[in-house]
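Please open the model in your viewer and keep the selection tool at hand. The tour below moves from one stop to the next.

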Amino acid sequence: MAGVTELSPSRALVAVPARAPAAPPSRWLRLRPPGIARAPLGRSIAGGALAMLAGFAWMAWAWWCFRRADTPLPPTAQPAMLVDHGPFRFGRNPMYLGMVVMMLGLGLAAGVPFMAIAVLNFAAIVGAVHIPHEEAQMQRAFGGWYSDYAAGVRRWI
């Protein structure tokens, strides 16, 4: 249709030009805001659950080693024994590593890739604040034993 004829306020017939068809909306506009946070490639509930289970198992193994050695779990508590067996043979902070893997698994299961940003923030804060504090405590409590252990075992993996 080329145009439409309407009555103007003065009651005269006026030709109104036809409007150009509207451009199709951007595909980003078609996504609802919660959909933007989701992974464009989908999600993997099974893969995410497996990662969360693996992270929890790794963390629980480390916790069990602490319990067997009668050393306290809170990071601010005075360490009673240098635990260097179990998952502590592979990394000095297996509980934090387990938390990181669990968080990544949650992001994978939910299909939220932005969870990786939360994981990076968590690892940065733990690595800059908590781990140095705990390492200083271990150094004060165990001296050369801890120095030898730290020299032979990486901080994360």
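**The largest pocket**

Begin by selecting Phe66, Phe88, Arg92, Asn93 and Glu134, which lie nearest the centre of the largest pocket, a site lined by 24 residues. A pocket here is an open set of points on a 1 Å grid over the protein atoms alone, where a 1.4 Å probe fits and protein lies on both sides within 12 Å along at least five of seven lines; lining residues have an atom within 4 Å of a point. This is a predicted model, in which local features need pLDDT of at least 70 and side-chain atom pairs count only at pLDDT 80 or more, while totals for chains, interfaces and linings use all residues. Residues are numbered from 1 along each chain as its sequence is written, and side-chain values use heavy atoms, with hydrogens and water left out.

Next, colour α4, α5 (115–142) and α6 (144–152), the elements that give two or more residues to the lining of the largest pocket; helices are DSSP runs of H or I with at least four residues, numbered from the N terminus.

**The loop between α3 and α4**

Now select Asp70, in the loop between α3 (45–68) and α4 (94–110). Is Asp70 buried or exposed? Asp70 is exposed, with a relative accessible area of 62%, where exposed means over 50% and buried under 20%, with a 1.4 Å probe and protein chains only. Its phi is near 55°, a positive value in a residue other than glycine, whereas most residues other than glycine have a negative phi.
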